[in-house]
Amino acid sequence: MLSGMPPATANTSTAPTIARDVLGILRLPAPQAAPLLIGCELEAHGVRARIVETEAYHSEADLACHAARGRTPRTEPLYAKSGTLYVYLCYGLHQMLNLVCDVEGTPSAVLIRAIAITAGEDVARERRQNLRTPLARLANGPGRVAQALALNRNHNHSGLELGQAICPLKLHPASSRPPLANGGRIGVAYAGPEWGAKPWRWWERDFPVAGRAS
DNA sequence: CTCTAGATCTAT
DNA sequence: TAGATCTAGAGG
């Protein structure tokens, strides 16, 4: 154990170590990574926000996961290495931001369902075209998340990897571990009783508007 | 080629 | 409570 440890003096900058730790969360299967991502912060295009609600989609066996029907051009990023972005269009209108998890070749991802803006509120409000709503409601809902962060599959954000220079999205570690709650995933009743009811949604327990459908 | 059902959001 | 708006995937 000690033989593998670098000398203390080698660790002059902690930033790369911390970044590696956060990305390490994504190496876990999505159902394990999803709760650990609550409290972490996302930053993109001038907006920074704490993740307050996540949802896991895991494996081709999961009938609610897009990979349930196998590998296709759209779902290709789901099979890529952890830290890859999977962004897709839902209902013809909304962009959904997912962070790919687990080992390469295993389709597994966490949908970011809600974030709490911590910096860049004015920019986020402009993008959301909403100057009045309470801050907590500005980006609660997966479509709102991508809009606030200005992430969009039309801008080729799907398939990019966290940590690469061209990737506009950064993931920062959690500064605290808030109490969590969990429950069933939203809008996946079509996946049948088993997969439709899996309690694979997690949220920050005390966040005002997390943990509900709206 | 056509058809249809979405991991939703907003205003009425 | 319905309308917006588009595309992947299935079926012909």
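**Questions about a predicted protein–DNA model**

Guide: His45 is found in the loop between β1 and β2; helices (H or I, at least four residues) and strands (E, at least two) are DSSP runs, numbered from the N terminus. This is a predicted model in which local features need pLDDT of at least 70, side-chain atom pairs count only at pLDDT 80 or more, and totals for chains, interfaces and linings use all residues. Residues are numbered from 1 along each chain as its sequence is written, chains are lettered from A and ligands numbered from 1 in the order in which they are written, and side-chain values use heavy atoms, with hydrogens and water left out.

Visitor: Why is His45 called partly exposed?

Guide: Buried means under 20% relative accessible area, exposed means over 50%, and partly exposed covers what lies in between (1.4 Å probe, protein chains only). His45 has a relative accessible area of 35%, so this residue is partly exposed.

Visitor: Why does Asp102 count as buried?

Guide: Asp102 lies in the loop between β4 and β5. Its relative accessibility is 12%, and therefore Asp102 counts as buried.

Visitor: What makes the phi values of His45 and Asp102 worth noting?

Guide: Most residues other than glycine have a negative phi. Phi of His45 is positive, near 50 degrees, and phi of Asp102 is positive as well, near 65 degrees.

Visitor: What is the order of the elements in chain A?

Guide: Chain A has five helices and eight strands. From the N terminus on, they run α-α-β-β-β-β-β-α-α-β-β-α-β. Of the 214 residues of this chain, 48% count as buried.

Visitor: How do you know that helix α4 is mostly covered?

Guide: Helix α4 spans residues 142-149, and six of its eight residues are buried. These are Pro142, Gly143, Val145, Ala146, Ala148 and Leu149. They pack against β1 (41-44), β2 (47-58), β4 (94-100), β5 (108-119) and α3 (121-128), where contact means heavy atoms within 4.5 Å. Ala150 follows the helix and has a positive phi, near 55 degrees.

Visitor: Why are β3 and β4 called paired strands?

Guide: Two strands pair if DSSP finds at least two bridges between them. Six bridges join β3 (residues 85-90) to β4, and the two run antiparallel. The bridge partner of Tyr88 in β4 is Met96. The two strands form a hairpin with three residues between them, and Tyr91 in the turn has a positive phi of about 55 degrees.

Visitor: How do you know that β4 also pairs with β5?

Guide: Three bridges join β4 to β5, again in an antiparallel arrangement. Asn98 has Leu111 in β5 as its bridge partner. Strand β4 is mostly covered, with six of its seven residues buried.

Visitor: Which residues come nearest to DNA strand B?

Guide: Of the 20 residues around DNA strand B, the nearest are His94, Asn98, Gly143, Arg144 and Tyr190. A residue is near a molecule or strand if one of its heavy atoms lies within 4 Å of it. The surface near DNA strand B divides into 10 nonpolar, seven polar and three charged residues. Ala, Val, Leu, Ile, Met, Phe, Trp, Tyr, Cys and Pro count as nonpolar, Asp, Glu, Lys and Arg as charged, and the others, Gly among them, as polar.

Visitor: What makes Tyr88 a polar contact of DNA strand B?

Guide: A polar contact is a pair of N or O atoms within 3.5 Å; within protein, one must be able to donate a hydrogen and the other to accept it, and residues adjacent in sequence count only if both atoms are side-chain atoms. A polar side-chain atom of Tyr88 lies 3.0 Å from a base nitrogen of DNA strand B, and the pair qualifies. A polar backbone atom of Ala64 is 3.3 Å from a base nitrogen of DNA strand B, while one of Gly141 is 3.2 Å from a phosphate oxygen.

Visitor: Which residues surround DNA strand C?

Guide: They are Arg69, Thr72, Arg74, Thr75, Leu89, Tyr91, Gly92, Leu93 and Arg153. Sugar and phosphate account for 68% of the atoms of DNA strand C that come within 4 Å of the protein.
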